[in-house]
Amino acid sequence: MDPIFEIELEDCPVCRGVGAMQDDHGWCVCVACMDCGAETAHAAYHTAEERLEAAQQVALLWNMGKVIHPGVGD
């Protein structure tokens with residue numbers, strides 16, 4: 001299994017839904033809520049090592065509650 005998908009994620013800080021690691025077309029990663037659409041900033045990478053580091057960075061942001069919510073006023 002891909003190690004970035006084994007990183008532990010807390011529930012969504014906005015709605016308490018399920019957060020999922022996403023790899024966007026092989027150049028960046030982010031964590032997004034499957035229920036409300038809240039997500040972290042995207043972290044770019046160029047190598048496999050950078051990919052894992054980027055995934056760990058966005059997981060930390062997610063677990064701290066640093067997300068962007070696409071709701072009204074955002």
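Q: Before looking at any side chain, what does contact mean here?
A: Contact means heavy atoms within 4.5 Å. This is a predicted model, in which local features need pLDDT of at least 70 and side-chain atom pairs count only at pLDDT 80 or more, while totals for chains, interfaces and linings use all residues. Residues are numbered from 1 along each chain as its sequence is written, and side-chain values use heavy atoms, with hydrogens and water left out.

Q: Which residues does arginine 51 touch, leaving aside those up to four places away in sequence?
A: With those sequence neighbours not counted, arginine 51 touches Asp2, Ile4, Phe5, Asp23 and Tyr45. Arginine 51 lies in helix H1, residues 48–64, where helices (H or I, at least four residues) and strands (E, at least two) are DSSP runs numbered from the N terminus.

Q: Is arginine 51 buried or exposed?
A: Buried means under 20% relative accessible area, exposed over 50%, and partly exposed in between, with a 1.4 Å probe and protein chains only. Arginine 51 has a relative accessible area of 18%, and therefore counts as buried.

Q: How should I read the sheet, and what is the order of its strands?
A: Strands of a sheet pair through backbone hydrogen bonds, either parallel or antiparallel. Two strands are taken as paired if DSSP finds at least two bridges between them. In this model an open sheet of 3 strands has the order E1-E2-E3, with antiparallel pairing. Strand E1 (19–24) and strand E3 (43–44) stand at the edges, each with a single partner strand, so one side of each is left without a neighbour in the sheet.

Q: How many bridges join E1 to E2?
A: The antiparallel strands E1 and E2 (residues 28–33) are joined by 6 bridges, and glycine 19 stands opposite cysteine 33 in E2. H1 packs on this sheet, touching E1, E2 and E3, and the direction of H1 makes about 30° with that of E2; axes are lines fitted to C-alpha atoms, for helices over the stretch in contact, and angles run from 0 to 180 degrees between N-to-C directions.

Q: How many disulfides are there?
A: A disulfide is a pair of cysteine sulfur atoms within 2.5 Å, and by this rule the count is 0. Cysteine 15 is in no disulfide, its nearest cysteine sulfur being that of cysteine 33, 3.6 Å away. Cysteine 15 is partly exposed at 35% relative accessible area, whereas cysteine 33 is buried at 5% relative accessibility.
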